[in-house]
Amino acid sequence: MNDRPDDDEALYGKLQTAIRSGHVVVYTDQHQLSFQGSPVHRSEDHLIPLLVTMGFALLLLLLGGLLAGLAGMALGAVLHWAGASHFVAWRIRTRTQAYLLSGLRSLEALWKMGGVAVGMKDSNEPPCLAPRGDWRRFVRRNLLSNGAR
């Protein structure tokens, strides 16, 4: 079903307001969104944690000697292994939400790619998953009904 463009703008406005107010939550799949060509991917998200841990290990090596440097490298490797994916996921989630809120065309482009879902906060209803889910129907059902926010 093709919606009228003015109807899409009105639905998008409702969704935008609900996301900003916190009534709708944006979920992301970093594995689907973190690739060259994705509008929310940045290579430096993967490099910054590695450079920080390597810099820390180098500083320990120079100030504390070989044993301290090796301990710093081991600690840095564990921290990178345990924390880098969380850092990348946080950066992608933040950038994806900003991108979705930047305009209807951005929402449509990202929705076609997948890796995004919108859901009502504190609801048992499953989120609306891109690209198969219909975000317009989600807005009509959850934001334009009697309990609209």
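This text walks through a predicted model, from a pair of packed helices to the nonpolar core and then to some backbone details.

The helix pair comes first. Helix 3 spans residues 44-64, and helix 4 covers residues 66-100. Their axes approach to within 7 Å and cross at roughly 160°. Angles over 145 degrees count as roughly antiparallel, and helix 3 and helix 4 are therefore roughly antiparallel to each other. The crossing of these two helices is right-handed. Sorted by class, the contact of helix 3 with helix 4 comprises 13 nonpolar, 7 polar and 3 charged residues.

Two residues of helix 3 show what this part of the model looks like at the level of side chains. Pro49 is located in helix 3. Its relative accessibility is 13%, so Pro49 counts as buried, the cut-off being under 20%. Apart from neighbours within four places in sequence, Pro49 is in contact with Glu44, His80, Ala84 and Phe87.

With a relative accessibility of 15%, Thr53 counts as buried because the value is under 20%. When residues up to four places away in sequence are left out, Thr53 touches Gly76 and His80.

The axes of helix 4 and helix 5 come within 7 Å and cross at roughly 130°. That value lies between the limits of 115 and 145 degrees, and helix 4 and helix 5 are therefore oblique to each other. Helix 4 contributes Thr96, Tyr99 and Leu100 to the contact, and helix 5 contributes Ser106, Leu107 and Leu110. By class, this contact of helix 4 with helix 5 has 4 nonpolar residues, 2 polar residues and no charged residues.

Within helix 5, the buried residues are Leu104, Ser106, Leu107, Glu108, Leu110 and Trp111. Leu107 touches Tyr12, Leu15, Leu100 and Trp135, not counting residues up to four places away in sequence.

Leu107 leads on to the core. The largest nonpolar core has 26 residues, and the members that touch the most other members are Leu15, Val24, Leu107, Trp111, Val116, Trp135 and Phe138. Two or more residues each come from helix 1 (5-21), strand 1 (24-28), helix 4, helix 5 (104-113), strand 2 (116-120) and helix 6 (135-143). Helix 1 gives the most to this core, with 5 residues.

Some backbone details remain. Most residues other than glycine have a negative phi, and most peptide bonds are trans. Gly114 follows helix 5 and has a positive phi, near 90°. Asp122 is not a glycine, yet its phi is positive, about 55°. Asp122 is placed in the loop between strand 2 and strand 3. Its relative accessible area is 78%, so Asp122 is exposed, the limit being over 50%. The peptide bond from Ala130 to Pro131 is cis, with omega near 0°. Pro131 itself lies in the loop that runs between strand 3 (128-129) and helix 6.

Note on methods:
Residues are numbered from 1 along each chain as its sequence is written. This is a predicted model: local features need pLDDT of at least 70, side-chain atom pairs count only at pLDDT 80 or more; totals for chains, interfaces and linings use all residues. Side-chain values use heavy atoms; hydrogens and water are left out. Helices (H or I, at least four residues) and strands (E, at least two) are DSSP runs, numbered from the N terminus. Buried means under 20% relative accessible area, exposed over 50%, partly exposed in between (1.4 Å probe, protein chains only). Contact means heavy atoms within 4.5 Å. Axes are lines fitted to C-alpha atoms, for helices over the stretch in contact, and angles run from 0 to 180 degrees between N-to-C directions. Angles under 35 degrees count as roughly parallel, over 145 as roughly antiparallel, 65 to 115 as roughly perpendicular and the rest as oblique. A crossing is left-handed if the near helix is turned anticlockwise from the far one by less than a right angle, and right-handed if clockwise. Ala, Val, Leu, Ile, Met, Phe, Trp, Tyr, Cys and Pro count as nonpolar, Asp, Glu, Lys and Arg as charged, and the others, Gly among them, as polar. A nonpolar core is a set of buried Ala, Val, Leu, Ile, Met, Phe, Trp, Tyr and Cys residues joined through side-chain atoms within 4.5 Å.
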